[in-house]
Amino acid sequence: MSRRDADDRGGARSAGLARDVAGRLAGKSGRALWRSLDELAGEPRVLEMLRNEFPGLPDLAEARVGRRRILELMGASFALAGLSGCGGGEAPDEAIPYVVAPPGVVPGVARHFATAVTRGGYADGVIVTHQMGRPVQVEGNPEHPASLGALDPIIQASILDLYDPDRSRTVLKAGRIAGADALVKALSDRAAALAARGGEGLRILSGTVTSPTLAGQIGALRQRFPALQWHRWEADGRDTLRAGAMLAFGRPVDSVLHLDQARVILAVESDILDGAPGHLRYARDFARRRRAAEEGDVGGMSRLYAVESVPTLAGARADHRFALRPHEVEAVVRALAATLGAGPAEWRQGAPGRMATAVDAMARDLAANRGAVLVHAGPAQPAATHALVHAINAALGAPGRTVTYIEPVEAEPVDHGESLDRLAADMIGGRVDTLLVLGCNPVFTAPADLDFAAALAAVPVSVHLGTAVDETAMHCTWHVPEAHEFERWGDARAFDGTVTILQPQVKPLWGGWSPHELLAVLGGETRPDGHAIVRAAWARRFDGSGGGTDEADGRRWADAVRSGVVPDSAAAEAAVSVAPGLAGRLPPASVGPEGGAPTALFRPDPWLRDGRYANLGWLQELPRPFTTLTWDNAVLMAPATAARLGLANEDVVAVTAAMTGAAGSVEAPVWTVPGHAEDCITLPFGFGRKVAGRVGRGVGFDAFRLRTSDHPWELPGVELRRTGKIRRLAVTQHHQMIDSPDLVRHATLDEFRRNPTFAKRPEPEQSLYPAYEYPRNAWAMAINLDSCIGCNACTAACQAENNIAVVGKEEVLRNRQMHWIRIDTWYESGTEGGAAGRGEPEQTLFQPMTCMHCENAPCEVVCPVGATMHDTDGLNVMVYNRCVGTRFCSNNCPYKVRRFNYFNYSEDDSRLSLSWNPDVSVRPRGVMEKCTYCIQRIREARIAADRENRPIRDGEVKTACQQACPAEAIVFGDANDPDSAVSRRQASPLDYGVLTELNTRPRTSYQARLRNPNPEIAEGRDDASHS
Amino acid sequence: MPPTPDAVAGPDSAHPVIEPGVTAMSVTAHVSDLVLERRTPLWWWVGFGLSLALLGVFAVALGWLFIRGVGIWGIDWPISWGFAIGNYVWWVGMASGGTLISALFFLTRSDWRSATSRIAESMTVFCVACAGIMPVIHLGRWWYFYWLFPYPNTMSLWPQFRSPLHWDFVAILAYVMGSVLFWYVGLIPDLATLRDRARRRWQRLLYGVMAMGWQGSSGHWRQFKMLYLILAALMAPLVCSIHSIVGLDFAGGLTPGWHETQFPPYFVFGAALSGFAVVLMLVMPLRRALDLHGVITPRHVDVLARLMLTASLLLSYCYLMEVFMPFYRGERADIIQVMAQLGGYYAPWYWAKIVLNGVIPQLLWFRRVRRNQPLLFLVALGVVVGMWIERFVIVVGSLHRNHSESSWFIFVPTVWDWATLAGSVGLFLTGFFLLLRFIPMVSMFELRELIHKKTAGDGR
């Protein structure tokens, strides 16, 4: 048989095959998936492909193909095989295969898009980084007033939330898959019936809504359904602030604080640093002011007082902190108000005796700094306290200077507790026949006495919109998967009212609806388009604000979407003043509980908030401030209280509300927190989810079961009964009482004035080895302890950036957590028998610890295979694929910042593989890892700089921790450049290295912390802080 | 108080190294019959069966380790070294017993050495095997253990020569090769004897091959003597160097409790103590079981007990220094470390080590104790256990109180930690029982030489 014959026969066979395939495909025209294949089958090039096993490769028999050519072709076909794996298979109609790359997408080059993440309705602007079309990292948007480029752990974890494999994917009716069409039909029919009777029985329940478009849509719905009622419920809400404003001003207003203007601040269990809308900005303003002394303006440093029952981050940073029982906190505020002329004189006697000196001194200090004074109270404080805070601020000339009152950011503000009470009553009363629950989970979070699940059973049609199937979804007739905020169009307002237009970062991974779309269906649309709704709303708004032409509108829209901020959209200032006769309007001062039973305080878990973030492993495993607790909540109490009750850490107690019969009892382990007020216990809520994903289900105990609508924050008279059980708690720091004077160096402002170099120690002798030389860069980091507020944002950002695995509770119990940067929390004890003797800290100190990139790195010399090395820019680099896992480096690291993959943590992590950051290696089992100074970011900048033939500019490389830090505590840069930010920080007299006596010569240095105590109080501190 | 007779009299006068009536012929006949002719006794089967069971535990423990990773152990952060390293030091320390007795005392021409050297060396071979496994399985990625070896490769990657772990790798490799070679070379003349006396075919084949053509010619003997002397001269310093380097594994680290200049000699003394103890533990039952009373006399036991006492005294000095030095230096982290040892979480372990290794061996000052073999066995057992505890305390106790107070934590061993330890004992015992059955447990040719020397009247 000649070669020609063989070719002919082969060609005929493959041509026949192609015809055959095409013929068979032609019959099946229904599915779009097959359609494209069908179209392809007709093209000559495809026929060619079908004929040859290796398309484009000349017939081996007839052509002389070099080895090189074969390899080229094989390489190309591998590349093509890879490409065919790209693109979404989810939406066959519109997916763009990357064979033809979308404009602007260059493999390996990141793209950035602005949007916002909302928390309790309030927006924080973010920039989402994309690689090859998929979002991989979230950073703060520097142009956004609430973020200024920073973020907190919850915002950081939003990227993990996007990729949560446990998110719901289909519309469910009574727990069964129903499909979107069925929902649209059912809802449309229902809406028609409702419209006929004016919307009687139609209710919407949502969390706090700041979205102008959503509020507008609900407003529009009222035209079709005049009787529509819109309820709001936020378990971790700010009702007390609203009520306080009503008491003081007679109308709701929001406050915007200006901590940069405040010389003296009083924080009344305030959440300004850890959760209030705008806390990232407040942290920055606060930290800048605190750095004043170090930067030369010794008088410019602010002074912070804190009175609180439960430790807050603001309290930890306070120059004077007083741990008081809740009623004492209120009494102190009243006494201060009286002293400052904002209340009747008899209030002065109300303050606890041991606080008398302190109250007087505080009052004098506040009065002396009139106009530069700020008092702020947190959401757990009663309305009366908030009203008094307004009064004190007014008396001290704060409004307009350190605080601005603005029109409420929340749309149609209501009292959430009351709103939910009314809804529940109506539901049970049969007055609700259609309920839309938009993205909240009342079955889990509602006060226990409402029994919301039972109430839901009385509602014929209930539709739950949520990103995951949760407790509420289980009790609703319909569940609709909600598109993640990164998958949909929308808008939201920040703490000051500034609007961000949310733009989708990716097509919905599992389908999903935006609330706008669901409401549009209720409004009568059958194929709602989220983009069109938001776009149209903004077209109207731009018009209304004087836009005019289509072109101008388009430009304004494009600019707003691109920058993540709608210009000039901040809320208008509200002209309010404290109405006279406040004292008369206030409820009587609360008195302490009778008997010895402790008071239970309900507080949100700092990361899970009301439980909505329970399925995010990053947040579950992120140590809580103060306790360093992960994967659990606990009954928190002062060590003295625990001693009085005969309890120890990890003892499981049954907590029962003696007062209210309705509420049940919970079993929970005990954890003592120095600095907690005595005779009260904190029950953090947000844990104990029963219906959550694989990560969040059944973690911790559910404190909501004790929380009632009458006692949302404080429940007096609870019983604690020891059960005899022990529950091991996964904390990440086991020793917190600091004895060493050298790790965290600090001084008062006076001591600093007298001895500015108090933090310095003699330099150790030099090494026998010759010093390294760095002709190019010498990277270094400076961490300012005076700025650090202990918020853990750096830890979370590092985890997201560097693909750090979540290990789970069992592994944290074995102390195998993987965080590359940790926040060491220290309680400085006083003299024996003084405050410390009672477990009361003199001071709480935070110290972020991460790899110091030592010049004489102890890890480097002991690695037998040279897997950890010094690089040309001074980094101590870790070569993962060279590591054999001797772990000697970890033993030899005096800072203990190296983390080891004892198991295959990355493999065991349930996160989707497409959510890993492609710029960073995912580490396998048996490999050591640690902070790299974000070497991938350095390399990116290096490549850019080399292409432009210039050195890397100062500030061009920002490490993830630095970028996240709201307080600008972390600065990174080139120590070779004397003008770089890091060099300036390290030139500070407060600069010191940790454990330098070991001659490690760390590249990361710290700037010592300064305190600015009031000399009038300093003497009596020990007596003042407790009875 | 007048000195006791025991203290002044030389050991020779009290007990001979060879009991009267033992001849060169009788030694050869008895020892080779043990291997070639005697029915395998019941105690051997029982012991071997138990050893195999333990070896099975080892196989399961290693299998699970290889599947899951080192996380199955209790090691954590900051205590990232645990049992595996402790076991390693323990085994390699016990191995020293054989080398010291056969090499060092060969060089000193001690005549009591001949009868016990084979038992001791065989023990060494399997101790070293157990020791060699430990650092490899301890690795997070054990399958790359050869990266510690300086082999030429296309990437021109070399090990980090500054790392004590690399020195350690080289030291243990040299020691394993040296001790196996030393043991085997010393066996050759005896293997030839067995070959010549064997009646069964497999025995002739086995010992024939292993004897490597030994003819007993004067040429062979000359070569043999020279080789054995050279090997002994190499092994004697090697046994010191390996334990010094094991000591440097720790001393080279910055960790408080490890960073001590005394560690190299400290580890040599510790190794010697456990080595003598384990030899005693083997010699006493074996002289009974193998009916070796004639050649392993109370004199041998006495010498070993005295050596153990000496090593215990040396080690106790190191224990004292270990506590004294941190206070002398005055470094905070070191003082915290020592105080934690004395009174912290691991204090019971610390005091157990002091009692077992330092206090109880002082009983050996008394001749009555040295003569009382069951008691002596218990003392030696205590030392062997105590030396394991010592390594545990050094590894874990030091790591749990480091410079970084925020990372202080404790180590709690898991069932897999214990299984690995027990399993390695199984490996040792299995190997040792096999040798017991197939290898002459007394060096016949050396004894013949010794008997010749003694009967010729030119002994010391």
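Q: Is B:Gly431 buried, exposed or partly exposed?
A: This is a predicted model, and in it B:Gly431 sits in helix H16 (residues 415-438) of chain B. Around it, 19 other C-beta atoms lie within 10 Å. Buried would take 20 or more and exposed 12 or fewer, so B:Gly431 comes out as partly exposed.

Q: Is A:Gln962 buried or exposed?
A: A:Gln962 belongs to helix H31 (residues 960-964) of chain A. It has 27 other C-beta atoms within 10 Å, and the cut-off for burial is 20 or more. So A:Gln962 is buried.

Q: How far apart are the C-alpha atoms of A:Gln962 and A:Ala797?
A: Beyond four places in sequence, A:Gln962 touches A:Ile970, A:Val971 and A:Phe972. A:Ala797 is 165 residues away from A:Gln962 along the chain. Their C-alpha atoms are separated by 9.0 Å.

Q: How do the axes of H5(A) and H25(A) run, roughly parallel or roughly antiparallel?
A: Helix H5 (residues 153-162) and helix H25 (residues 793-801), both of chain A, have axes that come within 8 Å and cross at roughly 15°. Angles under 35 degrees count as roughly parallel. H5(A) passes H25(A) in a left-handed crossing. With that crossing angle, H5(A) is therefore roughly parallel to H25(A).

Q: How many nonpolar residues does the contact of H5(A) with H25(A) have?
A: From H5(A) come A:Pro153, A:Gln156, A:Ala157 and A:Ile159, and they meet A:Ala793, A:Ala796, A:Ala797 and A:Ala800 in H25(A). Sorted by class, this contact has 1 polar and no charged residues. The nonpolar count is 7.

Q: How many of the 11 residues of H8(A) are buried?
A: Helix H8 (residues 239-249) of chain A is mostly covered, and its cover includes helix H13 (383-395), helix H14 (416-428) and helix H21 (582-585) of chain A. Among the buried residues are A:Asp239, A:Arg242, A:Leu247 and A:Phe249. Just after the helix, A:Gly250 takes a positive phi of about 80°. As for H8(A) itself, the buried count is 9.

Q: Which element gives the largest share of the side of chain A that touches chain B?
A: The contact takes 38 residues from chain A and 38 residues from chain B. On chain A's side, the elements giving two or more residues are helix H27 (858-862), helix H28 (888-892) and strand S35 (899-900). By class, that side has 17 nonpolar, 14 polar and 7 charged residues. The largest share, 4 residues, comes from H28(A).

Key:
Residues are numbered from 1 along each chain as its sequence is written. Chains are lettered from A and ligands numbered from 1 in the order in which they are written. This is a predicted model: local features need pLDDT of at least 70, side-chain atom pairs count only at pLDDT 80 or more; totals for chains, interfaces and linings use all residues. Two residues are in contact if their C-beta atoms, placed from the backbone, lie within 7 Å. Ala, Val, Leu, Ile, Met, Phe, Trp, Tyr, Cys and Pro count as nonpolar, Asp, Glu, Lys and Arg as charged, and the others, Gly among them, as polar. Axes are lines fitted to C-alpha atoms, for helices over the stretch in contact, and angles run from 0 to 180 degrees between N-to-C directions. Angles under 35 degrees count as roughly parallel, over 145 as roughly antiparallel, 65 to 115 as roughly perpendicular and the rest as oblique. A crossing is left-handed if the near helix is turned anticlockwise from the far one by less than a right angle, and right-handed if clockwise.
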